[in-house]
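I set out to record what I looked up in this model, entry by entry.

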2 protein chains.
Amino acid sequence: MDPDEPEGRVAPTTGGAGRDGTGVPGGRRKQRVSMADVAELAGVSSQTVSRVSNGRPGVIGSTREQVLAAMRELGYRPNSAARALRYGRFNTIGVILFSLSSTGSSRTVEAIATHAAAEGYAITLIPIDVATQDNVLGAFTRMGELAVDAVIVIMEIHLLDTSTVQLPPGVHVVVVDSDAGDRYCVVDTDQADGARKAVRHLLDLGHRTVWHVTGPESSYAAQRRGQAWRAVLAEAGRPVPAPLHGDWSAESGHAAGLLLAEVPECTAVFAANDQMALGLLRAFHERRRSVPADISVVGFDDTADAPFFIPPLTTVHQDFAEVGRRCVQRVLRQIRTGDDSRPGTDLVPTRLVVRGSTAPPGG
Amino acid sequence: MDPDEPEGRVAPTTGGAGRDGTGVPGGRRKQRVSMADVAELAGVSSQTVSRVSNGRPGVIGSTREQVLAAMRELGYRPNSAARALRYGRFNTIGVILFSLSSTGSSRTVEAIATHAAAEGYAITLIPIDVATQDNVLGAFTRMGELAVDAVIVIMEIHLLDTSTVQLPPGVHVVVVDSDAGDRYCVVDTDQADGARKAVRHLLDLGHRTVWHVTGPESSYAAQRRGQAWRAVLAEAGRPVPAPLHGDWSAESGHAAGLLLAEVPECTAVFAANDQMALGLLRAFHERRRSVPADISVVGFDDTADAPFFIPPLTTVHQDFAEVGRRCVQRVLRQIRTGDDSRPGTDLVPTRLVVRGSTAPPGG
DNA sequence: CCGCTTGATGTTTACGTGAACACGTGACCT
DNA sequence: AGGTCACGTGTTCACGTAAACATCAAGCGG
């Protein structure tokens, strides 16, 4: 904190020699324009400035204009910290996630940010990067606190328990990828229903059974998709092949595809996301297994690119924007009613989008 | 000093007798535990609590333990607003962007968030969604303020001028996608060099010239890639075909590809990003134009999926993580030195990744 | 034994804002 | 006309924290 502030700005207090700032160097380097400065220039009290600033009634037009003019001249901007202190809230929602790189989370976060902004809330990202966990620990632990009124967790909540970031007690929480509907308020895509649609679509086309490439076990969404896949097959009395384990990446899908290409009776595969489906398509192409003539492939997510895969991918459409919207809606309700404890699961429906990667078997 | 405490506050708990109801931690405790509460329980002054909270010296071990115990018992968490007010800064960096959905921005934002967290700074997202601009306007204008010490702008800075979000004067700015290196501190991928590498690679393979599918005009990155493409061709004395205009989407790349497939002399295309390259591959596949035998395709970004396209995509690798890292580094330097005015452009190098989508012409 | 230093802890104060209240003025009602 | 009421504006104060200063006890050399 070296006091070498160059005083480059238009100093509001220099107009009058009222405060002998020149004689008292230890005094105040007033970098920021406060309500008091505006009030002084406008010749009113700071309370009137406050009223104008917040658009409150009780200020006559001419006075308001004077204040606004003073604000413009000084470049006044309200101090959020003081406001947050005064009001006891930050108008900010924290979003805890592993990675923005995964398809779903970035789109969900975007929707959250947009809807939150519309409600006057800002979004603070709290990334939990396993690789740099210690750094993050250092940051938020040393800082002491998250300046948020509520938190949206986009990950399996159990993973958060083992993490170094702790949820401050008393903040409201909405969880996206979790089965903790009994303890938390959960908003999520209806994973099970989406997976059911995918598998049933393949069975309806006449495939005897359906193989499955899973997502990582740490993802509850992946677990539920896998469970639903298994359930539909069992229900229909079909054999349940051993699932192939993926990690969301196209690379893992590619590896699974190379294995499946060696299984002659495999005519249909349900990949737990579109990226792995892309890897499957690639692997089958390498192994001269034609999609969909030899093998049908269904993905999950309906990314923007899926229609342009070769062949265009049949997939389950997720409405990430709606998930984000409901997250914000839920979390704001919690904040506003003060009701932290309304668990329950809010499922956003999916939609099967049939494109060119599925066909009856034995084409 | 205290004539009558009106108690008008909506006290959710603690019926009446003072705040020393420490014996009842259950139920809905008072949400705000302040240093004073901790101080009272620990039998010290609030200043001592402050010292412990900040890890300052000058507190004897036994006292420190008492304070820490009191903190734990009450679930104390420091009030960031009060801290920000006291210190005059928020330890927060704002990130202004259009969309998280584009490949680059989400990865850059993630890197920014991670590195900022490591330095004790949080990230606040400020999305500028054109469709809901009025909403965003409502939010941030009515709120009046962004609680940030600095801002990283991931968009052409001119677009911000026309937006409803205004950069508060005095905050430090780092820009990612812009040519405003004379006025702002700019960090960006070396777009021109990356594009040069792509085009030269195709020329080196023996192609007579290279077609180009551009990104949107609003993107300076897209502009620079196009300029470099043109420059390399002109420099080499090759004809410069009319560029096809895309918008980053696979769909626009697909549309361009359908047109290019009808141009027999077109043997090489440089797409301004990987998604459009995917659309090209799809279009050429539909039109039975073999890649790379008939046409070579180069993309830009090196997304995680690019190795699994059919064929695997030759593309220009962008180091988004490094861009994010340098953004944080720059913006923190500005904050710490107080030097807002150090313009200049910081370019992150690219790397050409040759895969299966390029080959000599006339295959 | 005094006075000075050192270190631990308490007290005061200000950060910028806005709710609650006080004040003053003019209009309207009886 | 007197009273009251609405309205514009000013004053006081508290929000939670931490710097600056004050206090107090113990140690220590002269």
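Which element gives the largest share of the surface near DNA strand D? I found that α4(B) does, with five residues. I take helices (H or I, at least four residues) and strands (E, at least two) as DSSP runs, numbered from the N terminus.

Conventions. I note that this is a predicted model, in which local features need pLDDT of at least 70 and side-chain atom pairs count only at pLDDT 80 or more, while totals for chains, interfaces and linings use all residues. Residues are numbered from 1 along each chain as its sequence is written, chains are lettered from A and ligands numbered from 1 in the order in which they are written, and side-chain values use heavy atoms, with hydrogens and water left out.

DNA strand D. I counted a residue as near if one of its heavy atoms lies within 4 Å of the strand. Of the 28 residues around DNA strand D, those that come nearest are Thr63(A), Met35(B), Gln47(B), Tyr76(B) and Arg83(B). Of the atoms of DNA strand D that come within 4 Å of the protein, 63% belong to sugar and phosphate. By class, I recorded ten nonpolar, eleven polar and seven charged residues on this surface. Here Ala, Val, Leu, Ile, Met, Phe, Trp, Tyr, Cys and Pro count as nonpolar, Asp, Glu, Lys and Arg as charged, and the others, Gly among them, as polar.

Phosphate distances. Thr63(A) places a polar side-chain atom 2.4 Å from one, and Met35(B) has a backbone N or O atom at 2.5 Å. For Arg56(B), a polar side-chain atom lies at 3.2 Å. Two or more residues of the surface near DNA strand D come from each of α2 and α4 (80-87) of chain A and α2 (46-53) and α4 (80-87) of chain B.

Helix α2(A). Which residues of this helix are buried (under 20% relative accessible area, 1.4 Å probe, protein chains only)? I listed Thr48(A), Val49(A), Ser50(A) and Val52(A). Their cover includes α1 (35-42) and α3 (61-74) of chain A. Gly55(A) follows α2(A) and has a positive phi, near 65°.

Twelve-stranded sheet. I traced an open sheet with mixed pairing, in the order β11(A)-β5(A)-β4(A)-β3(A)-β1(A)-β2(A)-β2(B)-β1(B)-β3(B)-β4(B)-β5(B)-β11(B). Two strands pair if DSSP finds at least two bridges between them. The edges are β11 (344-348) of chain A and β11 (344-348) of chain B; each has a single partner strand, so one side of each is left without a neighbour in the sheet.

Strand β3(B). Why is this strand largely enclosed by the rest of the structure? It is so because five of the five residues of β3(B) (150-154) are buried. I noted Ala150(B), Ile152(B) and Ile154(B) on one side, with Val151(B) and Val153(B) on the other. β3(B) pairs in parallel with β1(B) (92-97) over five bridges, where Gly94(B) stands opposite Val151(B). Four bridges join β3(B) to β4(B) (172-175), also parallel, and Ala150(B) has His172(B) as its bridge partner.

Six-stranded sheet. I found a further open sheet, β7-β6-β8-β9-β10-β12 of chain B, with mixed pairing. Its edge strands are β7 (244-245) and β12 (351-353). Three bridges join the parallel strands β6(B) (211-214) and β8(B) (268-271), and His212(B) is partnered by Phe270(B).

Notes
Buried < 20%, exposed > 50% of the residue type's maximum accessible area, 1.4 Å probe, protein only. Contact = heavy atoms within 4.5 Å. Polar contact = N/O pair within 3.5 Å; in protein donor to acceptor, adjacent residues only side chain to side chain.
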